[in-house]
Amino acid sequence: MQKEKLKGNPMSNNSSDRKINDFVITFGTVNGSGSATANTTIMRALFQMGIPVSGKNIFPSNIQGLPTWYTLRLSKDGYLARVEEDDIVIAMNPSTIRKELESLVPGGVLFYPDDLKFDLTREDIVLYPMPVKKIIKDSDVTPTLRDYVANMVYVGVLCQMIGIKLEMIESALNFHFKNKEKPVSINMNIINMAANWAKENLIKTDRYWVEPMKNTQGCIMSDGNTAGALGSLFGGLQFCAWYPITPASSLAETIHEFIPVLRKDNETGEESVVIVQAEDELAAIGMTVGAGWGGLRALTSTSGPGLSLMTEYLGLAYYSEVPVVIWDVQRVGPSTGLPTRTAQCDLTFVYFLGHGDTNSIILLPGSVNECFEFGWKALDIAERLQSPVFVLSDLDLGMNEWITPKFNYPNLPIDRGKILWEEDFQKMLDANGGSFGRYNDVDGDNIPYRTVVGNQHPKAAYFTRGTGHDRFANYSEDGEVWMQGMERLKRKYEHSVEFTPTPELDDNHNRVGIITSGSAYFPVIEARDILKNKGLNVDLLRIRALPIHDQVKDFIKSHDYCYVVELNRDGQLQQIISLSIPDKATNLISISKMDGFPLTAKWIVNEVLKKEEVDHGTN
Amino acid sequence: MALIDSRLSNINQIGLTRNDYKGAPSTLCQGCGHNSISSQIVAACYEMNIKPEKVVKFSGIGCSSKSPTYFLNRSFGFNGLHGRMPSLALGALFADNSMEGIGVSGDGDTASIGMGQFKHLARRNTPMVYIVENNGVYGLTKGQFSATAEEGLELKKQGVNTYLPVDICMEALVTNASFVARGFAGDPKQLKNLLKAAIAHNGLAVLDIISPCVTFHNKENSFHSYQWGKEHEVQLHDITFVPARDEITIEDFEPGSSKEVTMHDGSLILLKKLDKDYDPTSRIEALKVLEDAAHNNILLTGLLFVDPEAKTLFDRYHLPKTPLNRLKPDQIRPKKDKMDEINKLLFLNE
Ligand SMILES: Cc1ncc(C[n+]2csc(CCOP(=O)(O)OP(=O)(O)O)c2C)c(N)n1
Ligand code: SF4
Ligand SMILES: [Mg+2]
């Protein structure tokens with residue numbers, strides 16, 4: 001039906017049901033087939049055309065051969081969250097085409113290689129077969145490159161059919177290949193041939209178009225791991241030890257890549273930061289704690305399984321007050337879980353990490369830009385508070401490419417906290433009757449002074465241990481001493497809110513609130529707008545750090561009830577907030593699930609509306 | 001002159017007394033081998049004129065790992081986790097690579113839970129002294145078998161050990177450690193010279209020291225006891241450490257009767273021939289003599305292997321001359337124009 005109706009539409013402009021800059025394209029390919037270049041090139045071209053666009057890579061835990069999908073969402077309104085249906089599918093993988101056919105909306109479009117055999121189960125879609133093999137054969141590309149550039153055929157055909165300017169593609173390719181003429185021209189040649197073929201042989205019968213906008217100015221394209229790495233390097237990172245694990249690896253790899261760019265003295269060749277690929281996470285954290293203790297701004301990056309291994313050292317760092325930063329780029333657990341899928345499922349694990357009484361300071365970046373910002377801030381906070389600081393990102397934020405406001409140079413000076421070198425150490429001694437206690441709270445702010453390895457003052461050294469110790473770092477099994485030390489650590493933790501990022505609020509004094517954190521913020525903003533159109537006005541609060549700030553409690557108190565939206569099975573953020581404000585715990589309604597995919601606004605809206613009906617009556 | 005003076009008086013060449021190298025009183029058992037090792041560390045550092053502030057101590061967990069509190073009070077120290085001192089030390093040494101690292105571990109700490117980290121520390125040739133106070137048992141947890149306990153060893157509560165032992169020196173050798181020695185807590189003179197050589201070594205110096213546990217494992221007929229050690233020790237050579245500035249008079253040694261190894265800092269290790277010729281620069285020789293010693297039921301001690309010029313961990317990096325931890329904020333934060341450069345690299349849409 002739909003097909004019939006659309007069929008007559010030529011490539012003209014009279015149609016009122018044109019969908020412009022507001023649709024979803026999914027590329028179904030085979031892992032390892034080199035489609036990433038093609039897909040990012042399209043994303044970059046759209047970005048350059050000023051169109052808000054987000055790209056999500058759904059990939060298997062495999063190097064070659066299994067299906068992988070890449071989804072681009074164009075949103076003139078600037079929504080960057082995942083959506084559940086596809087408008088356009090580029091189906092390059094015969095094994096998944098059935099699934100992709102089902103995901104198409106009525107009136108959707110299927111591009112596919114003309115030699116691909118499949119059962120056409122849909123009549124309400126538009127079909128564009130592409131002569132991929134023929135175009136490649138007709139080109140003069142060397143046989144070894146054929147498979148690789150085959151993806152460029154769909155780039156050309158798609159650009160022609162939806163109106164992406166080829167200049168934009170060319171400039172994106174120039175960027176990708178760092179202006180190397182040869183690869184750019186090989187790829188552009190195929191793209192041009194494919195676009196020409198489409199121009200001459202396909203009649204546009206679908207409704208999807210792109211048009212230039214001006215909505216990406218001042219923005220860059222980056223993933224959160226790159227952002228975190230760069231932020232750390234701008235934050236004066238001096239030491240990073242790590243062990244490979246998806247989805248965290250690219251954070252350390254980017255640090256490695258950018259040391260020569262950002263932290264190398266061009267004259268002497270000296271580098272002011274060290275990176276070590278450790279033998280495992282037990283060692284990665286040991287090295288990081290050693291470096292942090294030695295007075296280096298140190299970090300490690302990992303994901304759930306690695307963090308499990310790091311737990312014991314982090315308890316030691318907590319108790320002996322060693323500053324370290326730990327990036328946990330979350331993936332689906334428990335166990336090896338779904339290693340290439342996203343989640344916010346380590347919140348309670350990290351919050352309570354370690355045996356004994358421990359508390360963790362956690363930062364929750366909610367955008368790629370914030371990954372950069374928290375990259376440098378986390379190092380300041382860790383040194384200021386002499387404590388491990390966790391940054392909980394996730395696979396969606398960390399590995400997917402996002403458009404994000406450009407990174408801002410840190411607006412605060414580097415904070416090394418209370419480190420004393422020889423001269424200041426002597427002054428401190430003079431002011432305190434000649435004695436130094438590593439764990440002595442001389443300022444009454446629960447943060448003692450510390451000296452580090454290499455300090456040549458004969459009184460500067462102390463012995464660090466995870467066993468009971470007194471204010472002077474001497475071994476002690478005295479119960480009273482233990483208690484006093486632990487109470488101070490608790491107070492220090494409670495006061496950490498003075499140094500951690502406060503929540504982001506959008507409060508218009510509505511009755512209902514939504515609380516969320518991290519990348520779940522993107523679908524939540526969109527859900528908020530949809531709910532508004534449906535007559536339900538909600539306020540938003542995005543938590544950016546744990547322990548929670550008073551603003552979170554105030555927000556909860558000033559609303560009848562709040563939904564807590566997150567990407568895990570158990571509603572972990574809701575559990576944590578409930579503990580912090582027990583008398584209002586029943587006012588917190590959990591909306592959570594974990595299937596490995598980023599949440600969508602549609603799902604959140606449905607859940608909210610369901611609960612509104614059941615629990616609170618309809619508006 | 002100064003040299004003579006300091007030898008006669010109770011202060012060393014940097015004006016410190018033995019007391020300046022002491023630690024807190026030991027809380028280990030009376031007669032524990034670990035205590036005599038601590039004393040020899042104090043003696044070696046004092047005699048080598050090492051500034052305590054230039055030393056940093058590390059350990060894992062165990063009776064042995066408690067030792068760093070019993071020497072060099074004026075040095076920083078970190079008592080880490082069971083089996084995971086190597087990683088801690090590696091990270092901390094990067095903070096100031098001019099520091100002399102001394103790590104103390106146990107046989108449980110190194111050969112069981114910490115085997116992985118130990119091997120990787122050796123593989124990276126992390127410049128530090130790595131002492132294993134090897135008693136064949138877990139002292140601190142009250143006498144269980146460790147991985148270095150010999151097959152057939154019988155202990156009161158544990159019964160008979162049915163597994164084969166791990167030889168820490170062999171493990172170090174096959175992992176490319178650049179200095180491997182075996183000592184015996186019951187042979188303090190040799191131990192002190194081995195310690196000095198280890199401290200002078202630029203790279204990882206593994207010192208496996210048989211250090212009897214008098215409380216849980218000192219049976220006269222067992223490998224890790226004082227008595228057995230005294231009766232079965234065979235020295236590979238008579239080792240003397242000669243600091244870089246001391247002149248040696250060649251006449252002191254008959255030609256051909258000794259080998260000398262020049263260390264990275266110019267000091268010498270003189271190895272006087274005892275029974276057989278031994279070349280400590282051959283890894284394969286070292287493995288062979290260890291294998292023979294095991295067969296012949298002897299406790300072979302001495303410097304098994306040394307490669308004074310092996311590339312170290314720090315040779316693999318481009319560290320600044322100033323210790324990393326003393327860099328000023330403006331030396332670790334890129335300039336503002338770098339931010340623009342980065343944004344452009346990330347496809348900034350201007
Ligand atoms: C993770 C962990 N597991 C177990 C222990 C308990 N533990 C403490 S010391 C020790 C063994 C120490 O043996 P060794 O290293 O040989 O030292 P020794 O006491 O014999 O000198 C064990 C198992 C611990 N502290 N940490
Ligand atoms: S138990 Fe054994 S190892 Fe521990 S202190 Fe006593 S003698 Fe030494
Ligand atoms: Mg032992």
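**Briefing: cysteines and the A–B interface**

A:Cys345 is buried, with a relative accessible area of 10% (buried means under 20% relative accessible area, exposed over 50%, partly exposed in between, with a 1.4 Å probe and protein chains only). This is a predicted model: local features need pLDDT of at least 70, side-chain atom pairs count only at pLDDT 80 or more, and totals for chains, interfaces and linings use all residues. Residues are numbered from 1 along each chain as its sequence is written, chains are lettered from A in the order in which they are written, and side-chain values use heavy atoms, without hydrogens and water.

**Cysteines**
- Over all chains there are zero disulfides (pairs of cysteine sulfur atoms within 2.5 Å).
- A:Cys345 is in no disulfide; its nearest cysteine sulfur, in A:Cys371, lies 17 Å away.
- A:Cys219 counts as buried, at 13% relative accessibility.

**Interface extent**
- Chain A puts 81 residues in contact with 60 of chain B (heavy atoms within 4.5 Å).
- About 6000 Å² is buried between the two chains, and carbon and sulfur atoms give 64% of that area. Buried area is the accessible area (1.4 Å probe) that two parts lose on being put together, summed over both.

**Interface pairs**
- The rule finds four salt bridges between chain A and chain B (a side-chain nitrogen of Lys or Arg within 4 Å of a carboxyl oxygen of Asp or Glu).
- B:Lys321 forms a salt bridge with A:Glu270, with the closest N and O atoms 3.2 Å apart.
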